[in-house]
Amino acid sequence: MTTVLPEKPRVLVLYYSFSGQTIGLLHRLTDGLRFRGAEVVMERLRPSDSRRFPVGTYVATMRMMVTTCFRPRVAIEELSPATHGHFDLVILAGPTWSYNPSGPVLSFLDRDGETMLAQRKVLPIISCRGYWRWHWFGLRKMLRACHAEIVNLMVFTHPQPEPWRTLGVFLKIAGKAPERSPFLKRWYSRFGHGRDQQEEAWRFGLDLGQALKRGEDLAELDFRTPTAMP
Ligand SMILES: Cc1cc2nc3c(=O)[nH]c(=O)nc-3n(C[C@H](O)[C@H](O)[C@H](O)COP(=O)(O)O)c2cc1C
C-alpha cells in the first residue's frame, strides 16, 4: 500500500493565551509551517467570561494563583466552523496555570476533546514560567482519555533566573512592569519568552512543516530547548 503525502498539509492550531506568551510563540511557529507550504487554521479558545490580562491587583492575582490549583474550568465559546474537516495535525497550545493546563484548555478537553482529537495526531505545546511537568502528566492523561495520538511535545519556559521570573510573572499579572523598575530590570529585563525562543519556534515550525510534507515520523523531531528538556 502506498502512502499519499499531503501536497499542502493542513494544521489546526487550538490555543489559549492569557498574557500573550503562547500566541507570540505560535506566530513564529506557524510562520515556519506556512513557509514550508502548510495550510494553518488558528482557533483561539475564547472564554465566555470577560477576563482580561492583567488582572490588576495583588489580591486578585493571588486569588487566581490559588484557585487555579484546583483546576477550575473556564467555560469557552463554541469552536468556529473553520475547525471542522480534515487536518494532518492538531496543535493544542496554552500556558501552565498552577501546575495544570489552563481553565479554557481543560474546558475544551472536557467538552470537545473526544470529538476533536480522537484518532488524530496531536502536538501539545506548553508555555510556562518553568514548572511544567505536572501540567504535562495531567494533559497527557486527558489526551489519552480522548484517544488522541500524541506525536511529540514542545515546552518553552521563561529564560530568566529564579526568583526573578516567578516574581516577574506575579507582578505582570498584577499589572506592574518589573522590567521598567530601576531595581528589578537588572535581573528581569523582559517578561516571558525571549527573542531567541521565538526564533526557535520558527525553526520548529520549519522542521514540522517539512516532516509533514515528507510523511516523516513526528516523534523523531527534536524539540528540546536549552531552557526545557522534555
Ligand atoms: C494563574 C497562573 C498560574 C501560573 N502557574 C504557573 C505554574 O504553576 N508553573 C509555571 O511554570 N508557570 C505558571 N504560570 C506562568 C505562565 O504559565 C507563563 O507566564 C506563560 O508563559 C503564560 O502564557 P500565556 O501568556 O500564553 O498565557 C502561571 C500563570 C498564571 C496566570
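Student: Is P72 buried, exposed or partly exposed, and why?

Tutor: This is a predicted model. In it, P72 counts as partly exposed, because it has 14 C-beta neighbours inside 10 Å. Buried would take 20 or more, and exposed 12 or fewer.

Student: Where is P72 found?

Tutor: P72 sits in the loop between α2 and β3.

Student: What is P72 in contact with, leaving aside its neighbours within four places in sequence?

Tutor: T67 and G103.

Student: Why give both an angle and a distance?

Tutor: Two packed helices are described by both: the angle between their axes and the distance between the axes.

Student: How do the residues of that contact divide by class?

Tutor: Nine are nonpolar, seven are polar and three are charged in the contact of α1 with α6.

Student: New topic: the ligand. Which residues come nearest?

Tutor: S17, S19, Q21, T22 and P95 come nearest, out of 23 residues around the ligand.

Student: Which gives the most?

Tutor: β3, with three residues of the shell around the ligand.

Student: What is the shell like by class?

Tutor: It has eleven nonpolar and eleven polar residues, plus one charged residue.

Student: Zooming out, how many helices and strands does the protein have?

Tutor: Six helices and seven strands. Along the sequence the pattern reads β-α-β-α-β-β-α-β-α-β-β-α-α.

Student: How compact is the protein, and why say so?

Tutor: It is as compact as a globular protein of its length, because its radius of gyration is 18 Å, close to the 17 Å that the globule rule gives for 230 residues. The C-alpha trace spans about 65 × 35 × 25 Å along its principal axes. Buried residues make up 37% of the 230.

Student: What share of the contacts with a separation of 6 or more comes from residues 24 or more positions apart?

Tutor: 83% of them.

Student: Now the backbone. Where are cis peptide bonds found?

Tutor: One joins F53 and P54, with omega about -5 degrees. P54 is in the loop between β2 (39-44) and α2. Another runs from E162 to P163, with omega near 5 degrees. P163 is in the loop between β7 (154-157) and α5.

Student: Which residues other than glycine have a positive phi?

Tutor: Y99 and Q119 are examples. Phi is near 70 degrees for Y99, and about 60 degrees for Q119. Y99 lies in the loop between β3 and β4 (100-101). Q119 lies in the loop between α3 (103-117) and β5.

Student: Are they buried, exposed or partly exposed?

Tutor: Y99 is partly exposed, because 17 other C-beta atoms lie within 10 Å. Q119 counts as exposed, because it has 8 C-beta neighbours inside 10 Å.

Conventions
Residues numbered from 1 in each chain as written. Predicted model: local features only at pLDDT ≥ 70, side-chain atom pairs only at ≥ 80, totals over all residues. Near = placed C-beta within 6 Å. Helix = DSSP H or I, 4+ residues; strand = E, 2+ residues; numbered from the N terminus. Nonpolar A, V, L, I, M, F, W, Y, C, P; charged D, E, K, R; others polar. Contact = placed C-beta atoms within 7 Å. Rg over C-alpha atoms; globule rule 2.2 N^0.38 Å.
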